[in-house]
Amino acid sequence: GTQIPFYGQKHPVGIATPPQRYAMYMTFNLTTSSVKDLQTLLARWSAAASLMQRGDPVGSVEPDSENGLPKDTGEAYGLDPASLTITFGLGPAIFAENRFGLERFRPALLADLPTLPSDNLDPALVGGDLSVQACADDPQVAYHAVRNLARMGRSQVSVHWTQMGFGRASAGTGQETPRNLMGFKDGTRNVSTPEQFDEFVWVNGGDQSWLEGGTYQVVRKIRMNLETWDADRIGDQETIFGRTKAEGAPLTGSKEFDTPDFQMTDENGDRVIDPTAHIALAAYENNGGIRILRRPYNYTDGLNEHAQLDAGLLFLTYQNDPGHFAALQRRLGASDLLNEYISHIGTGVFAVPPSPAEGRYIAQELFE
Ligand code: HEM
């Protein structure tokens, strides 16, 4: 099966990796105040991530002695690694004063996001000290990964919030563009070439050497009001995104990858793509050149207490400055036609260190 090595990569895994079909995302809070515990946790998590990405258990599934406690929970035993990648993030609170003594390692750009328009945050879904994104083409493999990391860390961390995602709502190079739960293709115009990754995603020449070659993860849990959306007529849905539904073409073109023409007007002199359409506000041509890598997944939590569909987008993004996300969301939050149908309920910002060399572990420089 497909194996992706954890160690020795130029950049962290699970970011430029073509999006796998499933994600298990989890944030944790440290329950320990010992820096040594944090160090041990990151070392053990790194070793375990490498084993699991190879398709191996993190320890014995069936110990020799009948009194032995299995080290690995076993549900992925014998399964293909299914392109598993495990991506670790460190939140701003790790570097707070009087916590672990790591203040001097805080990158200047790593801070909680400012309050943004259209925030409707549930306090239970905000922040976290550490994040783990496990992606795989088999949901059982992704689940096994976070479950075993959580189990291994149970005396240092508690689980803060967690989300399972499916139907990757973005495409990597060579992949067909998938659809989000609103039925539109998602990921058509995304960061994709290595040059674009270098320019917009990977940290290069930042203020902290331990983060060079890494990136910043911004996560948003965005609920969709799907009943209202499903009651909206197609013309309105297409105006909101500025694209057609079946083909995914910009309203100024006919094919998915046609470049949108944001200036084109119709016979009444009105813009063909509404200036407050989602793509008109988000496109780099109109926002001062900002591009972020979108690597989102669809999610569902079943039905809510009002028996409405509880579903949306687990919006995972990567950029070399979390301020880029904030600037974009400020524009979108202020006037995006999509706002009527969505609500940002969860948030987090994490620094994602590069892949460690074999024999080392994630963010080891913090402890040297
Ligand atoms: C484009 C959906 C939230 C940034 C798109 C497209 C769709 C879409 C269908 C057009 C296809 C494409 O180029 O990928 C959604 C949905 C959202 C959401 C359903 C929420 C549930 C956001 C947020 C941001 C964002 C929060 C950033 C803060 C972008 C960008 C583009 C885009 C940068 C590309 C625009 C272009 O260059 O043409 N989105 N999006 N989106 N979206 Fe979103």
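How far apart do the end C-alpha atoms of residues 14–166 lie, and how much of the span is helix and how much strand? I started there, keeping in mind that this is a predicted model. The end C-alpha atoms are 15 Å apart, and the span comes out at 22% helix and 20% strand.

Next I looked at helix packing. I took helix 1 (residues 35–53) and helix 2 (residues 139–152): their axes come within 10 Å and cross at roughly 155°. An angle over 145 degrees counts as roughly antiparallel, so I put helix 1 and helix 2 down as roughly antiparallel to each other. I also noted that their crossing is right-handed. On the helix 1 side, the contact is made by Arg44, Trp45, Ala48 and Met52, and helix 2 brings Ala145, Asn148, Leu149 and Met152. Sorted by class, the residues of this contact are 6 nonpolar, 1 polar and 1 charged.

Then I went to the ligand. Which residues come nearest to the ligand? I found Phe184, Thr188, Arg189, Ala282 and Ala283, out of 28 residues around it. Going by element, I listed those that give two or more residues to the shell: strand 5 (215–224), helix 6 (278–282), strand 8 (309–319) and helix 7 (322–335). Helix 7 gives the most, with 4 residues. Last entry, the make-up of the shell around the ligand: I have 16 nonpolar, 7 polar and 5 charged residues.

Methods:
Residues numbered from 1 in each chain as written. Predicted model: local features only at pLDDT ≥ 70, side-chain atom pairs only at ≥ 80, totals over all residues. Near = placed C-beta within 6 Å. Nonpolar A, V, L, I, M, F, W, Y, C, P; charged D, E, K, R; others polar. Axes fitted to C-alpha atoms, helices over the stretch in contact; angles between N-to-C directions. Parallel < 35°, antiparallel > 145°, perpendicular 65-115°, else oblique. Left-handed = near helix turned anticlockwise from the far one by under 90°. Contact = placed C-beta atoms within 7 Å.
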